[in-house]
Amino acid sequence: MPRPNAVVFPRHERVEDRRRESDQRKLLDEFFDHATLLAVSRLVNRGEFDSIDHPISMGKEGGVFRATKGTEYRAVKIYRISNTTFRRLPAYALEQLKREASVRNFGGLIFAWTRREHTILGRLREAGVRAPLPYAHYRNILVMEYIGTEEGAAPRLKDALVGDPKALYDELVREIGRMVRAAKLVHGDLSPYNVLYFDHRVVLIDVAQAIPIDHPEAPHLLRRDIENFAKFVTRLGHTVTPQEFYSAVGGDEVGPPTGRG
Ligand SMILES: Nc1ncnc2c1ncn2[C@@H]1O[C@H](COP(=O)(O)OP(=O)(O)O)[C@@H](O)[C@H]1O
Ligand SMILES: [Mg+2]
């Protein structure tokens, strides 16, 4: 099937770019299988976006693309439909998903996962957490707010230049704290890879595996993520202990009603 016009990638003419381009094209061909292309056209027909511009990030489980809608950009996350997609998923997240959605096959699981990310982003936004606004989901495709400028997508915190580590710490405490206290969710995979840094502010992304704060795994997951962030912020020059960070985000309210923390 020919690519619909909606999926157009810029062609580079420089010889040294060709190899990389052909590798990328191979990856894209794998990615945009027949069903996914149809799903893209469906979203275009619904007016969710006009075209997909280029990849922002391509991973084993999926890719994130910049898309254009009128004069705006959107981010389109496409989960790859394959049985490797769920290999990295911790058992608790899969169990949670199976409890929530009655699914019989991998496709169904991936669609439920996509819907879950959409729902959680919505809950985060309602709670006032800085996260991309979700616009739509269909099958394995999630359409959300694009975080970045004309020049490019916002860097991950891991790659960002942070001028004021104390301000970054306060930002993280505020956003993770809102996620815990107002949205009542623990992210489950929070790291400088899943936080974007935009305009000196943080934006939490990649939220599909988030779980309610009263989930038995919640304290352990939050602790692990906070320990990493405490090291990260300390390395940048603002010394903070995991314990004070954990308390500051409301960690003491996390866990099943008995046996908190
Ligand atoms: N809304 C967004 N706006 C801009 N870039 C994004 C957005 N969402 C994701 N990205 C980029 O895509 C990368 C992968 O997205 P992520 O949701 O972490 O998926 P995964 O880690 O499962 O591949 C991110 O590290 C970030 O660079
Ligand atoms: Mg990620």
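Reader: Which residues in α5 are buried?
Author: This is a predicted model, where local features need pLDDT of at least 70, side-chain atom pairs count only at pLDDT 80 or more, and totals for chains, interfaces and linings use all residues. Residues are numbered from 1 along each chain as its sequence is written, while chains are lettered from A and ligands numbered from 1 in the order in which they are written. A residue is buried if 20 or more other C-beta atoms, placed from the backbone, lie within 10 Å of its own, exposed if 12 or fewer, and partly exposed in between. In α5 the buried residues are Leu168, Tyr169, Glu171, Leu172, Val173, Glu175, Ile176, Arg178, Met179 and Val180.

Reader: What is the reach of helix α5 from its first C-alpha to its last?
Author: Helices are DSSP runs of H or I with at least four residues. The expected span is 1.5 Å times one less than the number of residues. Helix α5 (residues 165-181) has 17 residues, with 24 Å expected, and its reach is close to that, at 23 Å.

Reader: Is Leu236 buried, exposed or partly exposed?
Author: Leu236 lies in helix α6. Within 10 Å there are 16 other C-beta atoms, so Leu236 is partly exposed.

How values were computed. Helices (H or I, at least four residues) and strands (E, at least two) are DSSP runs, numbered from the N terminus.
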